[in-house]
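I'd like to walk you through one model, starting with a couple of loops and ending at the ligands.

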Amino acid sequence: MTEPLLPVFTVTLNPGLDRTLVVPRLQENVVLRAVESRLDWGGKGFNVSRALQALGVPSTALGFVGGATGQLLERGLSGLGIATDFVHIQGETRTNTVIAEAHSGRYIKVNEAGPTVTPAELAGLRARLMDLATPGSYWVLAGSLPPGVPSTCYGELIAVLRERGARPMLDTSGEALRLGCAAGPFLVKPNQEEAAELLGRPLRTQADRLDTVAFFLEQGVELVALSLGAEGLVLGSRSEVVQAVPPAVTVQTVVGVGDALLAGILWALVRGATLADVARWGVAAGTAAAQEPGVGVGSRASVEALYGQVRVFTLR
Ligand SMILES: Nc1ncnc2c1ncn2[C@@H]1O[C@H](COP(=O)(O)OP(=O)(O)O)[C@@H](O)[C@H]1O
Ligand SMILES: O=P(O)(O)OC[C@H]1O[C@](O)(COP(=O)(O)O)[C@@H](O)[C@@H]1O
């Protein structure tokens, strides 16, 4: 498989150090002793960059980093061979914590709000985007917005990227997702809860999932990736909607698997795969990550091994 011809950028406005502590049993009101602990260089866009790197696809990670935690993230990503082009901010980058129970898949996750970003720092990031966006380049805009960044931000960045002929891919939630979608990103990746919140109703049936795809397509989105956890992915364009379903696997943690899914989708897209194959590679990458501890990403070998076990069928 070849390197992508078009550059890939990931933008993480609210990155964080992901600390995972594994305990024998989750309990309240007692001191829990960790039997394992690990750090991952996290935030959704950075996770996509790490998963792409594992697949052999270079990307440049953009975002805000600050303080000692920001330095750790920057060094950590560089150590993995990932190019970075950060805006350095006054505030301290956050740390998000997962306390995971060994062998059960149960966990507690607490995400900090993140540092406040000033208008000047935000303008610095927008300027980087304007410099780097080239026609056809892929841009992953992912995660929550830190304090100080308005919910209109993704929509504005998507408009800037679209004007330059780039392909923005959006993975966020709530108001930021609603306003971002209205700007017509190339791709959007909600999970079921995020989509249900936006549509204002639960997604129970396949018809609900097809309605969800239609809802996003109507806003000018070209590809809708509705992720369904263990049920895989519904991937839809104007001409076709498919579902890809993973095999049953032993799951370690599901934190970050949506980001690995997005990396798999991107990997297949840059290589010109069909919609069904894009869905298949995406699910293979997401499921490979689910088998890893912490916010880990699957190796290329594990993604390729799973690819053959993903079932794909046409919904429309
Ligand atoms: N229990 C699971 N078993 C196998 N694969 C899973 C499981 N949960 C998630 N995945 C994989 O990760 C992908 C993304 O999962 P999902 O939970 O929908 O994303 P998000 O992390 O964005 O909420 C799925 O499409 C699938 O490939
Ligand atoms: O499970 P997902 O949605 O793929 O993302 C996991 C990543 O998102 C985070 O939970 C942060 O999420 P937010 O940006 O939405 O606060 C990180 O801790 C983790 O790296």
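This is a predicted model: local features need pLDDT of at least 70, side-chain atom pairs count only at pLDDT 80 or more; totals for chains, interfaces and linings use all residues.

Let's begin with His-103, which sits in the loop between strand S6 (94–101) and strand S7 (107–110). When I say helix or strand, I mean DSSP runs numbered from the N terminus: H or I over at least four residues for helices, E over at least two for strands. His-103 has a positive phi of about 70°, although it is not a glycine. For context, most residues other than glycine have a negative phi. His-103 counts as exposed because it has 10 C-beta neighbours inside 10 Å. The cut-offs, with C-beta atoms placed from the backbone, are these: 20 or more other C-beta atoms within 10 Å of a residue's own is buried, 12 or fewer is exposed, and in between is partly exposed.

Residues are numbered from 1 along each chain as its sequence is written, with chains lettered from A and ligands numbered from 1 in the order in which they are written.

Asn-29 also has a positive phi, about 60°, without being a glycine. You'll find Asn-29 in the loop between S2 and strand S3 (36–42), and it is exposed because 4 C-beta neighbours lie inside 10 Å.

Next, Pro-58, in the loop between helix H1 (44–55) and strand S4 (60–65). Is Pro-58 buried, exposed or partly exposed? It is partly exposed, because 14 other C-beta atoms lie within 10 Å. Its C-alpha is 7.9 Å from that of Ala-83, 25 residues away in sequence.

Compare Val-221, from the loop between helix H7 (206–217) and strand S11 (223–227). Val-221 is buried because it has 25 C-beta neighbours inside 10 Å. Leaving out residues up to four places away in sequence, Val-221 touches Cys-181, Gly-184, Pro-185, Leu-187, Val-188 and Phe-216; contact here means C-beta atoms, placed from the backbone, within 7 Å.

Now to a helix pair. The axes of H8 and H9 come within 7 Å and cross at roughly 145°. Those axes are lines fitted to C-alpha atoms over the stretch in contact, with angles from 0 to 180 degrees between N-to-C directions. The residues of the H8 contact with H9 divide into 16 nonpolar, four polar and one charged. By class, Ala, Val, Leu, Ile, Met, Phe, Trp, Tyr, Cys and Pro are nonpolar, Asp, Glu, Lys and Arg are charged, and the others, Gly among them, are polar. H9 itself is mostly covered, with 14 of its 16 residues buried.

Which residues come nearest to ligand 1? Of the 18 around it, they are Asn-191, Ser-227, Ala-230, Gly-258 and Gly-286, where a residue is near if its C-beta atom, placed from the backbone, lies within 6 Å. H9 gives the largest share of that shell, four residues. The shell has 11 nonpolar, seven polar and no charged residues.

Ligand 2 is surrounded by 17 residues, with Gly-42, Asn-96, Gly-143, Ser-144 and Gly-258 the closest. Here H8 supplies the largest share, three residues. By class, the shell around ligand 2 has three nonpolar, 11 polar and three charged residues.

That's my tour, and I'm happy to go back to any part of it.

Key. Two residues are in contact if their C-beta atoms, placed from the backbone, lie within 7 Å.
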